[in-house]
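Trainee: Please take a close look at one part of this model, the sheet and what surrounds it.

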Amino acid sequence: MARKLDLDPRVVRKARRLAARAGRPVVDLARSHTTVSVERAVLRLAGVRGADPDGIPWVNRLVDAVREDAGLGHGVAVPVFHAMRSTGVDDVTVLAQKAAAGAVRFVVPPKKAEALAARRAARRAANDGVRVIDRRRAERERLIRRHGDPEQRPWIYLIVATGDIHEDIPQAQAAARAGADVIAVIRSTGQSLLDYVPEGATREGFAGTYATQENFRLMRAALDETSKELGRYVRLTNYASGLCMPEIAALAGLERLDMMLNDSMYGILFRDINPIRTFVDQRFSRQVHARAGIIINTGEDNYLTTADAVEAAHTVTVSQLLNEFFAHEAGLADWQLGLGHAFEINPDLPDSFRLELAHALLARELFPDAPLKWMPPTKHMTGDVFRGNLLDGFFNLAGALTGQGILLVGMMTEAVVTPWLSDRDIALQNVRYVLTGAGRLHEDFVPAPGGFIQQRAHQVLAEAVDLLERMVDDTLLNAIADGTFGIMKRPADRGRGLDGVAKHDEDYYNPVTEALEAAR
């Protein structure tokens, strides 16, 4: 994309260097710690399946048992596979069931030969799971070649959220037939705070549908049918966030999801999940996404629902730069970075649309190879559906003018009701009208040299650099504790899930991380 903002390349390079310096201590923290969810993800990829009669997954039961007997700092792989060799159990799910009944005890093998044998067994089992992820990625690539990709950009992204997977499926298929390129199945309210992943198909979610492996499988199969019918591959999105981020990432890879909501700070700021727990979990989950060929969607748009979209614009840019650094470090390529930003400036503010264009174009030029995810207005939707539909039209136009990659469909009934199918149809008409009439307008749109839009973009970038400089001196964790992002104050020693974090012992072993990092 041609440079339209006349950004100083030296300032851009400085911003990235500062983001790397601010982010590196967090990466070091993530590399030296594990969590219960990381360890459960390892065992899921190694073959643990199912749940007990109370609905608690066997993988939770197994990790809890290992943690009680041997601690978490060694990792669970060696104690689990040593126990399998010692007891003669050849099925890791059966071992989990025996452990839940108190029939198995776990130790870190004292003899080096026993530890090496357990490592080899764990590696073989984990690699079987990683190979499934590889096959699903290759399957996606074959289907895209067979059915074709959407011809237009941005991709049209639409949310389905009934709470019942069997109701979601026909709605998702109808949305795809009406023009949606990406279907997002939003999660049930509060699932991010569950420290387990529910099992099976679900029909009783609240303002969303539970993220489960079976729900992933059902929706992916349905959209594959629709892709064949339409002659274009329809992508599927869900949420890898919350206390089970690593596990959901693994399940998404196993079931060939195409995008996942995965932000480095969303769970910290908006779900009060402990910062250390979140950063450890997000690094592992992004390593899985990188291997699976999944595009991540980050959550900077959320900051602007709690903070002012003009005053806090630079915090969005800072978060995008940090998300880029964390993603690259975990192995994600630029084409997988659906960095988030949003159309949330008060429409009553003079020059609000020009400000939106400046912010959107800044993101586009800072990350030219990333499929940016452009989010619609929510904060200033009033319940006036006519005004809301017009505001969504302005949002769609801004996306066309600035060459966004993923356009989430705005609903004129935002803040009124969960959208009806008819609401979605009207919203998709709005998007189609704008993209048909102005979809290539970004080729012609050039802000006036030295004008309002250029000046605003330069100002936001300069403020972002200033904030990053302060972060380097005072650490990212302190910045989060001080309420820098979304005005939420989240200290590193508080928040949900901290008790599920453990520092690596010297002999810590994770066969999945080993496989993912060896491939880079």
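**The sheet and its neighbours**

Mentor: Strand S9 (residues 373-375) and strand S10 (residues 406-408) pair in the parallel sense over 2 bridges. Strands here are DSSP runs of E, at least two residues long, and helices are runs of H or I, at least four residues long, both numbered from the N terminus. Two strands pair if DSSP finds at least two bridges between them. Opposite Leu 407 in S10 stands Trp 374.

This is a predicted model: local features need pLDDT of at least 70, side-chain atom pairs count only at pLDDT 80 or more, and totals for chains, interfaces and linings use all residues. Residues are numbered from 1 along each chain as its sequence is written, and side-chain values use heavy atoms, with hydrogens and water left out.

S9 and S10 belong to an open sheet of 9 strands with parallel pairing, in the order S7-S6-S5-S4-S3-S2-S10-S9-S8. Its edge strands, S7 (337-338) and S8 (340-342), each pair on one side only. Helix H13 (residues 313-330) packs on the sheet and touches strand S6 (295-297), S7 and S8; contact means heavy atoms within 4.5 Å. The direction of H13 makes about 165 degrees with that of S8. Axes are lines fitted to C-alpha atoms, for helices over the stretch in contact, and angles run from 0 to 180 degrees between N-to-C directions.

The axes of H7 (residues 165-177) and H8 (residues 213-230) come within 10 Å and cross at roughly 25 degrees. H7 and H8 are therefore roughly parallel to each other, a term for angles under 35 degrees.

Definitions and conventions: Parallel < 35°, antiparallel > 145°, perpendicular 65-115°, else oblique.
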